[in-house]
Amino acid sequence: MRHTFRYLVPSAPDAGAEVVLSADDAHHLVRVVRRGPGDAVELIDPDGRLWPARVVRTAPDVAVRVAVGQAPAEAPAAAVT
């Protein structure tokens with residue numbers, strides 16, 4: 001089972017929108033975790049909602065497309081002790 005990586009976005013994306021990742025996130029996605037076109041990721045908006053997405057390109061910039069037909073999910077709450 002592959003891990004789904006999550007990347008922060010500055011605002012809630014629209015379904016079907018293409019989102020370009022920041023330089024640091026792009027480096028992480030391509031060079032560190034070695035993901036490429038077709039791989040699943042999740043985007044996290046400022047309100048903590050998760051948006052499923054797929055990598056669409058890795059050059060000249062890294063872009064992902066937000067899934068169509070899926071509502072964003074709330075991020076799981078972490079237990080505070």
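Modeller: Start with strand β5, where R65 is the bridge partner of E18. Strand β2 (residues 18-20) and β5 pair in the antiparallel sense.

Colleague: What makes β2 and β5 a pair?

Modeller: Two strands pair if DSSP finds at least two bridges between them. β2 and β5 have three bridges, so they pass.

Colleague: What should I know about the model before going on?

Modeller: This is a predicted model, in which local features need pLDDT of at least 70 and side-chain atom pairs count only at pLDDT 80 or more, while totals for chains, interfaces and linings use all residues. Residues are numbered from 1 along each chain as its sequence is written, and side-chain values use heavy atoms, with hydrogens and water left out.

Colleague: Where is confidence lowest, and where highest?

Modeller: pLDDT is the predictor's confidence in each residue, from 0 to 100. The lowest mean, 66, is in strand β6 (residues 73-74). The highest, 97, is in β5 (residues 63-66). The mean for the protein is 89, and 89% of its residues reach 70 or more.

Colleague: Why is β6 called a strand?

Modeller: Strands are DSSP runs of E with at least two residues, and helices are runs of H or I with at least four; both are numbered from the N terminus.

Colleague: What else pairs with β5?

Modeller: β4 does, antiparallel, over four bridges. A hairpin joins β4 to β5 through five residues. In β5, R65 is the bridge partner of R54, and V64 is that of V55.

Colleague: Which strand runs antiparallel to β4 over five bridges?

Modeller: β3 does. A40 stands opposite R54 in β4. The β3-β4 hairpin has four residues between the strands, and G48 there takes a positive phi near 85 degrees.

Colleague: What makes E42 and R6 a salt bridge?

Modeller: The definition asks for a side-chain nitrogen of Lys or Arg within 4 Å of a carboxyl oxygen of Asp or Glu. For E42 and R6, the closest N and O atoms are 2.6 Å apart, so the pair qualifies. E42 lies in β3 (residues 40-44) and R6 in β1 (residues 5-8), so the pair ties together parts that are 36 residues apart in sequence. Side chains of opposite charge can pair when their charged atoms come close.

Colleague: How many salt bridges does a search of the whole structure find?

Modeller: Six. R49 and D45 form one of them, at 2.8 Å from N to O. R57 and D61 form another, also with their closest N and O atoms 2.8 Å apart. Salt bridges that share partners join E18, R57, D61 and R65 into one network.

Colleague: Why is D45 called buried, but R49 partly exposed?

Modeller: Buried means under 20% relative accessible area, exposed means over 50%, and partly exposed is in between (1.4 Å probe, protein chains only). D45 has 3%, so it counts as buried. R49 has 24%, so it counts as partly exposed. R6, at 40%, is partly exposed.

Colleague: And R57 and D61: buried or partly exposed?

Modeller: R57 has 26%, which makes it partly exposed. D61 has 27%, and it is partly exposed too. P52 lies in β4 (residues 49-57) and is partly exposed at 22%.

Colleague: What makes the largest nonpolar core a core?

Modeller: A nonpolar core is a set of buried Ala, Val, Leu, Ile, Met, Phe, Trp, Tyr and Cys residues joined through side-chain atoms within 4.5 Å. The largest set has 16 residues. Y7, V41 and V64 are among those with the most contacts inside it. β1, α1 (23-32), β3, β4 and β5 each supply at least two residues. The largest share, three residues, comes from β4. In soluble globular proteins, nonpolar side chains tend to be buried together.

Colleague: Which residues does V64 touch?

Modeller: A contact means heavy atoms within 4.5 Å. Not counting residues up to four places away in sequence, V64 touches residues including V19, L43 and V55.
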